[in-house]
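Work through the exercises below with the sequence and the coordinates open. Each task is followed by a solution in steps.

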Amino acid sequence: MKTYLRGLLALLAALALLTAACGSDDDGGSSSDTTGGGAETQDLTLGGPADCETNPFCIPGLQRVYDIDLSDGFIPLEAGVVADALDSGDIDIALLFSTSGVIADKGWVVLEDDQNMLAADNVIPVLTTELNDAYPDLAGVADDVSAGLTTENLTEMNKRFDVDAEDADAIATSFLEDNDLLPEEGDVPDGPTITIGAQDFGESAILAEIYGQAFEAAGYPVEFQELGGFRDIEIPAFESGEINFAPEYAASLLEFLNEGAGEATGDIDETVGLLEPYLADIGLVALAPTDAVDTNTFVVTQETADELGITTISDLKDVVG
């Protein structure tokens with residue numbers, strides 16, 4: 001079933017790319033235009049997950065902060081094929097996670113967020129209040145693991161998953177062992193199984209395994225659940241009781257729950273403080289955030305950066321008009 005769904009998603013992504021190509025005037029992802037006797041502009045294509053159209057740190061953020069509108073050239077893609085689409089030239093700009101290992105592996109250019117559009121998307125564990133109440137010591141185990149996570153070691157783990165094709169569970173095990181983060185088995189009270197939900201991208205699977213394996217080592221009953229989608233599936237899964245724990249991202253989760261109100265800031269403590277009441281409304285609680293930050297990043301190939309002369313997001317304004 002999982003293989004069938006992945007195949008179906010890949011086929012839908014390919015159809016999206018084909019549709020975009022049929023609607024273009026040339027063979028590449030971009031075309032040029034001269035408007036009103038002014039400078040020549042480029043119609044660039046942006047590829048990323050479908051929620052980019054409503055995510056305040058994606059297309060709406062570009063419009064609000066940079067006065068850049070890439071909505072006409074946006075191609076919604078399954079997260080797993082965005083990098084491939086950039087590599088093949090089917091899109092000009094890719095929305096990737098800042099900790100994506102493929103960026104360093106390919107030598108791609110991350111466009112600098114020179115007007116500070118992006119907010120504090122630190123990794124943060126989220127669980128139900130019922131689970132938190134059932135296991136008073138669980139937060140301590142999670143906090144010890146969270147203290148070991150950084151942007152740098154998460155990027156390296158993503159490279160092992162995305163580039164070296166290692167399995168998420170094996171990556172998690174070596175991370176816990178190498179950093180001496182596997183706890184001794186303790187006296188765990190009877191309680192519910194910890195069902196950890198992982199969104200449909202590698203980093204989420206790795207983080208789910210990291211927390212889950214630490215819980216198992218401490219003696220808690222653990223199950224893993226691949227959600228087959230993103231936050232719009234994860235939150236209902238919490239509410240229906242299908243999962244009761246998930247690794248999340250502070251700013252993006254806040255903006256999902258507040259329906260893009262733009263409350264998230266670059267300060268993680270402020271962002272978590274704003275997030276907590278929304279979580280409480282749906283019976284969830286956040287644990288201590290990690291130092292690992294994974295935020296939306298706009299990425300181009302080195303060839304595109306050189307051709308267009310862009311190194312910052314602001315530079316795109318001169319290109320697309």
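**Exercise 1.** Determine which residues of helix 7 and helix 9 meet, and describe the contact of helix 7 with helix 9 in this predicted model.

Solution. 
- Step 1. On the helix 7 side, the residues are L154, M157, N158 and F161; on the helix 9 side, they are G202, E203, I206, L207 and I210.
- Step 2. Sorted by class, the contact of helix 7 with helix 9 holds six nonpolar, two polar and one charged residues.
- Step 3. The axes of helix 7 and helix 9 (residues 202–218) are 10 Å apart, and the angle is about 110°.
- Step 4. Angles from 65 to 115 degrees count as roughly perpendicular, so helix 7 is roughly perpendicular to helix 9.
- Step 5. The crossing of helix 7 and helix 9 is right-handed.

**Exercise 2.** Describe how helix 7 packs with helix 8, giving angle, handedness and residues.

Solution. 
- Step 1. Helix 7 spans residues 151–162 and helix 8 spans residues 168–178; their axes come within 10 Å and cross at roughly 145°.
- Step 2. The crossing of helix 7 and helix 8 is right-handed.
- Step 3. Helix 7 contributes N153, M157, R160 and F161, while helix 8 contributes A168, A170, I171, S174 and F175.
- Step 4. By class, the residues in the contact of helix 7 with helix 8 are six nonpolar, two polar and one charged.
- Step 5. M157 and F161 are named in the contact with helix 8, and M157 and F161 are also named in the contact with helix 9.

**Exercise 3.** Is E112 buried or partly exposed, and which residues distant in sequence does E112 touch?

Solution. 
- Step 1. E112 lies in the loop between strand 6 (109–110) and strand 7 (123–128).
- Step 2. Buried requires under 20% relative accessible area and exposed requires over 50%; E112 has 47% relative accessibility, so E112 counts as partly exposed.
- Step 3. Not counting residues up to four places away in sequence, E112 touches Y66, T311, T312 and I313.
- Step 4. T312 is 200 residues apart from E112 along the chain, yet their C-alpha atoms are separated by 4.3 Å.

**Exercise 4.** Summarise the chain as a whole: how many helices and strands are there, and what share of residues is buried?

Solution. 
- Step 1. The chain has 14 helices and twelve strands.
- Step 2. It comprises 321 residues, of which 49% count as buried.
- Step 3. Taking contacts between residues at least 6 apart in sequence, 75% join residues at least 24 apart.

Technical notes: Residues are numbered from 1 along each chain as its sequence is written. This is a predicted model: local features need pLDDT of at least 70, side-chain atom pairs count only at pLDDT 80 or more; totals for chains, interfaces and linings use all residues. Side-chain values use heavy atoms; hydrogens and water are left out. Helices (H or I, at least four residues) and strands (E, at least two) are DSSP runs, numbered from the N terminus. Buried means under 20% relative accessible area, exposed over 50%, partly exposed in between (1.4 Å probe, protein chains only). Contact means heavy atoms within 4.5 Å. Axes are lines fitted to C-alpha atoms, for helices over the stretch in contact, and angles run from 0 to 180 degrees between N-to-C directions. A crossing is left-handed if the near helix is turned anticlockwise from the far one by less than a right angle, and right-handed if clockwise. Ala, Val, Leu, Ile, Met, Phe, Trp, Tyr, Cys and Pro count as nonpolar, Asp, Glu, Lys and Arg as charged, and the others, Gly among them, as polar. Angles under 35 degrees count as roughly parallel, over 145 as roughly antiparallel, 65 to 115 as roughly perpendicular and the rest as oblique.
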